[in-house]
Amino acid sequence: MAGTLYLYSFLDEFVLLYPVYTLLFAETGLSVAETTSLLVIWSVTGLLLEVPSGALADVFSRRLLLCVGPLLAATGFALWVIFPSYWTFAAGFVLWGVRGALTSGSLEALVYEELQRVGEAGRYAGLMGRASSVGLAATASAIGLAIPVFAVGGYLAVGAASVVACVLCSAAALAFAEHRAPAADDGDEEDDEPGYWTVLRNGLAEARRNRRVSRWLLLSAATGAIWGALEEYVPYLGTEIGMPLAGVPVLVLLVWAAATAGGLLAGKAERLAERRLALMLLAAALALAGGALSGRPAGFALIALAFGAFQLADVVADARLQESIDGPSRATVTSVAGLGREGVTLLVYTAYGTASTMAGHGVTFALFAVPYVIVALAWGRKSPRP
C-alpha cells in the first residue's frame, strides 16, 4: 500500500506542462481574458463533478477510477500540444477537471478502508502526509526538469513527458489492493447492495446530520484551502519586499520545503490532543502575520514555518474526518470536503485579488491569518457527539 501510494502520488504531480502551459496559451494567441475563462472552466468542472464522482467511487471500483482519471488528463495534455487552440485547451481542462473529481475522495477512501481492514487505520495520517510530501517533491522536480526539456524539444517534448507520466500513474493505480465489493447499480431497490442514488443520498445525509463529520468537513476544507491558495502569491510577496527576481525562487523553495516537512511530520502530530494542535495552528497564524508584515526576506522563515504547520494540520484534519465517517459512503463524504475546499479556494482568490490591490501583498497575507485564528479556536473546542 505505502509504496504504491507514494509512486502514484509522485507520478500524479510529475507533469512537466505545469510551469509552461500558460506560455503555450499565450503563444497560441489567447488573451488574458481567454486564459482566465479556461481556468474558470477547469474550476467549474471540478465543482460540479466533485460529489457525484465521490458517490461513483462508493458504487464502483475506486481503483478503477484512480486508473481512468490520469488517462483523461493524458488525453487533454496530448490535445493541447498536438492541436493547440482555444477549444482544445477548453476540452483539455474539462478532462483535467473530470480527472481531479474522479480521484478526489477515491484515493482517501481506498487507503483508509484498506488500512482499517487490517487494523492499521492509525497509520493513515502518516501515510497520507508522506504521500503529500512526495507530491510536492514531484511538482518541484517537474518544474526543474521542464526547463532543460523545453529547451531541447519545446512544447511537444514537455507534453509527451506529461502524457507518459499520466499513463504510468494510471498503471500504478492497478497495483492498489481493493478488497471492498463495489455496489451494483442495477436499479433493483430490493437488492442488498445500494445503488448510485442511494449511496449519494446516504453520503450527503451523513455529511449533514453527523455533527462530528460536519465539523471536520468544515475544518478540513478551511485548513488546506487557505494556505494552498496563498502559496500561489508567494512570488508577489517576495518582489514586494524588494527581493531580486533571481532570489524569488529561493523563497518559493523555502516555503515548499517547509510544507513537505509538515506532511512528513503529520503521522506523529496525529496523536496530539486537539488543544495542542489548536495552539500550533494559532502560533502558525501569528507567524504568518508576523512574517508577512516584517517587510524583510528573513520574514519568509516565519511564513515557511506557518505553511508547514498548515500542511501538517491539513493532513491531520483529513485523518480526523476519515475516523468520523461511519457509513458506507466514505468517498462521497470525502468529496464533500473536496467541494468545500474548492469553494474556499475560489473565495480566497477573489478576496486576495481585491485586498492586494488596496493594501499590498504583505498586509493581505497577514489578513488571511485571521481565518486560521478562527479555525484554531474551532479546532480546540470539544468534539461534538454524532
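Is cysteine 166 buried or exposed? Cysteine 166 counts as buried because its relative accessibility is 5%, where buried means under 20% relative accessible area, exposed means over 50% and partly exposed lies in between, with a 1.4 Å probe and protein chains only.

## About the model

This is a predicted model, in which local features need pLDDT of at least 70 and side-chain atom pairs count only at pLDDT 80 or more, while totals for chains, interfaces and linings use all residues. Residues are numbered from 1 along each chain as its sequence is written, and side-chain values use heavy atoms, with hydrogens and water left out.

## Cysteines

A disulfide is a covalent bond between the sulfur atoms of two cysteines. Here a disulfide is taken as a pair of cysteine sulfur atoms within 2.5 Å, and by this rule the count comes to 0 disulfides. The closest cysteine sulfur to that of cysteine 166 belongs to cysteine 169 and lies 6.9 Å away, which is too far for a bond. Cysteine 169, in turn, is in no disulfide, and its nearest cysteine sulfur is that of cysteine 166. Cysteine 169 counts as buried because its relative accessibility is 1%.

## Aromatic rings

Rings of Phe, Tyr and Trp (for Trp, the six-membered ring) are paired if their centres lie within 6.5 Å, and a pair counts as stacked when the planes are under 30 degrees apart, as edge-to-face when they are over 60, and as tilted for the rest. By this rule the count comes to 30 aromatic pairs. One of them joins phenylalanine 25 and phenylalanine 93, whose ring centres are 5.9 Å apart and whose planes stand at 65°, so the pair is edge-to-face. Because phenylalanine 25 lies in helix α2 (residues 21-28) and phenylalanine 93 in helix α5 (residues 86-103), this pair ties together parts that are 68 residues apart in sequence; helices (H or I, at least four residues) and strands (E, at least two) are DSSP runs, numbered from the N terminus. Phenylalanine 25 is buried at 0% relative accessibility, and phenylalanine 93 is buried with a relative accessible area of 0%.

Phenylalanine 93 also forms an aromatic pair with tryptophan 42, and this pair is tilted, with 5.3 Å from centre to centre and 35° between the planes. Since tryptophan 42 lies in helix α3 and phenylalanine 93 in helix α5, the pair ties together parts that are 51 residues apart in sequence. Tryptophan 42 is partly exposed, with a relative accessible area of 28%. Ring pairs link these residues into a cluster whose members include Phe25, Trp42, Phe77, Phe93 and Trp96.

## Salt bridges

Side chains of opposite charge can pair when their charged atoms come close. A salt bridge is counted when a side-chain nitrogen of Lys or Arg is within 4 Å of a carboxyl oxygen of Asp or Glu, and the structure holds 7 salt bridges. Arginine 62 meets aspartate 58 in one of them, at 2.5 Å from N to O; arginine 62 is buried, with a relative accessible area of 0%, and aspartate 58 is buried as well, at 4%. Arginine 62 also forms a salt bridge with glutamate 113, the closest N and O atoms being 2.8 Å apart. This second pair links distant parts of the chain, with glutamate 113 in helix α6 (residues 106-117) and arginine 62 in helix α4 (residues 62-82), 51 residues apart. A network of salt bridges links Asp58, Arg62, Glu113 and Arg330.

Elsewhere, the side chains of arginine 320 and glutamate 274 meet in a salt bridge of 2.6 Å, N to O. Because arginine 320 lies in helix α13 (residues 299-324) and glutamate 274 in helix α12 (residues 274-293), the pair ties together parts that are 46 residues apart in sequence. Arginine 320 is buried at 8% relative accessibility, whereas glutamate 274 is partly exposed at 23%.
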